[in-house]
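Here's a quick tour for anyone setting up calculations on this model. Have the viewer open and follow along.

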Amino acid sequence: MDFSFSPEEERFRQELRAWLKENLPPGWGTPAFTMPKGDERIAFLRDWQRRLYEGGYLGLSWPKEYGGRGASMVELAIFNEEMARVEAPGPLNILGLSMAGPTIIVHGTEEQKKRYLPKILSCEEIWCQGFSEPGAGSDVAAIRTRAELKGDEFIVNGQKVWTSLAHIADWCMLLVRTDPDAPKHRGLSYILVDMHSPGITVRPLRQMTGEAEFNEVFFEDVRVPRANLLGELNQGWRVALTTLMNERGTASFGTQARFRIIYDNLVELAKKSTVNGRPAIQDPLIRQQLAQHFIDVELLKYNCFRNFTRLLRGGTPGPEGSILKLWWSELNQRMQETALALQGPYSQLMRESPWVIEGGRWQYNFLRSRGNTIEAGTSEIQRNIIAERVLGMPKGR
Ligand SMILES: Cc1cc2nc3c(=O)[nH]c(=O)nc-3n(C[C@H](O)[C@H](O)[C@H](O)COP(=O)(O)OP(=O)(O)OC[C@H]3O[C@@H](n4cnc5c(N)ncnc54)[C@H](O)[C@@H]3O)c2cc1C
């Protein structure tokens, strides 16, 4: 594989670096900057996404006619790497950009593409993903939320859960059952639902980080125009797979760059921490642990490159995305655990404490990392996919 970039690609990187320098909020990356909380945080992130869009840096690989830049996959990779390098805030409409948009590009009608894609990019409309239900998580195809077609409208009744961003979302990628008599994968449809429709109730759920990032969503006789069907009636499983593959498979250059930064920060923390009265970085056991993390981050990097090469050769994200998802989510948990071990009893302090180390970011990330091996499919499910669909092993019973 050739790891070098063309002069045009290098120019793109330099322009982006200059743009980021100019446009990142004042004091970004230093203690002088504090991320606003609550509604102000949402407003800040919305504004940041709009800036990225106006700068021409969102929807890089999307077609130009829908507001994208029509750039190459390599430029997209460079963008993700540079954003991770300066630890820039991510765009607010992350589910719209990473899942709804790519799914609409593949399965949408011309009218749907024109209607939804530009507003995903500009952050005028925020998206959420309504797949999981109380009785259907890993086995998504077991969903029971019903949509009955009456005339030119669907009438939706049921409940979704763990719906990230539903409390601020304008639209939902909703997986519903439209034929209860068909085998479970064949009676599903994928509809685009206006979250401001009458009959929708959103109840936030608080996580152990203290944040309420996801929600329960209830649908009671919600009317959705038939025109909002994405793909064909009762063929929603195919459309849902596109969303799921994008959810698991798009991690690439940005992910490996972000993990390298977590690793470098961990080494800095080890230099500042003490074990048995001497710098932790000199402790043989800590050194072994750091060396193992370094190897694991390198493995992540080469797997990202392999995935990326497949995409460059015209492939869409496939089941191999599960290898990356499994690896990064479990590696993140291991590295966050090392960070807390390095802090000793200080690891019990949270960000409100004046004695907390590095603003409590490791504590927050440690708690948030527990969800990594559940969201976008649990580790067990990723192992099943790798075994059956990548390695071709026989299905378990
Ligand atoms: C932070 C976060 C954000 C999320 N955001 C969203 C969202 O925006 N939209 C959305 O739709 N969902 C979202 N989810 C839900 C997520 O997709 C589900 O939690 C996940 O798919 C697991 O489903 P479940 O929680 O129902 O667990 P279950 O499916 O009930 O699984 C319970 C346990 O059984 C194991 N298990 C289940 N089946 C098998 C099997 N066949 N073989 C081996 N082991 C198995 C699982 O690995 C797990 O350990 C989010 C979850 C989290 C943590």
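## About the model

This is a predicted model, where local features need pLDDT of at least 70, side-chain atom pairs count only at pLDDT 80 or more, and totals for chains, interfaces and linings use all residues. Residues are numbered from 1 along each chain as its sequence is written, and side-chain values use heavy atoms, with hydrogens and water left out.

## Domains

The protein chain is split into domain 1 (7-92), domain 2 (127-234) and domain 3 (251-390); those bounds come from an automatic or database domain assignment.

Between domain 1 and domain 3, the C-alpha centres are 23 Å apart. Eight residues of domain 1 make contact with 11 residues of domain 3, where contact means heavy atoms within 4.5 Å.

## The ligand site

Where does the ligand sit relative to domain 2 and domain 3? Domain 2 and domain 3 both give residues to the shell around the ligand, so it lies between them. There are 17 residues around the ligand, and Ser132, Ser138, Trp162, Thr378 and Glu380 come nearest; a residue counts as near if one of its heavy atoms lies within 4 Å. Helix H11 (residues 379-390) gives the most to this shell, with three residues. Helices here are DSSP runs (H or I, at least four residues), numbered from the N terminus. Sorted by class, the shell has five nonpolar, nine polar and three charged residues, with Ala, Val, Leu, Ile, Met, Phe, Trp, Tyr, Cys and Pro as nonpolar, Asp, Glu, Lys and Arg as charged, and the others, Gly among them, as polar.

Now for some atom pairs. An oxygen atom of the ligand is 2.7 Å from a backbone N or O atom of Ser132. On the nitrogen side, a ligand nitrogen atom lies 2.8 Å from a side-chain N or O atom of Ser164, and a ligand nitrogen atom lies 3.1 Å from a side-chain N or O atom of Asn384. As for cover, the protein takes up 66% of the 980 Å² of accessible area that the ligand has on its own (Shrake-Rupley method, 1.4 Å probe).

## Two buried residues

Thr103 lies in helix H4 (residues 94-107) and is buried, at 0% relative accessible area; buried means under 20%, with a 1.4 Å probe and protein chains only. Beyond its neighbours within four places in sequence, Thr103 is in contact with Gly108, Tyr190, Leu230, Val239, Thr242 and Thr243.

His293 belongs to helix H8 (residues 284-312) and is also buried, at 4%. Its contacts, again leaving aside neighbours within four places in sequence, are Tyr263, Leu266, Leu331, Arg334, Met335 and Thr338.

Key
A polar contact is a pair of N or O atoms within 3.5 Å; within protein, one must be able to donate a hydrogen and the other to accept it, and residues adjacent in sequence count only if both atoms are side-chain atoms. Buried means under 20% relative accessible area, exposed over 50%, partly exposed in between (1.4 Å probe, protein chains only).
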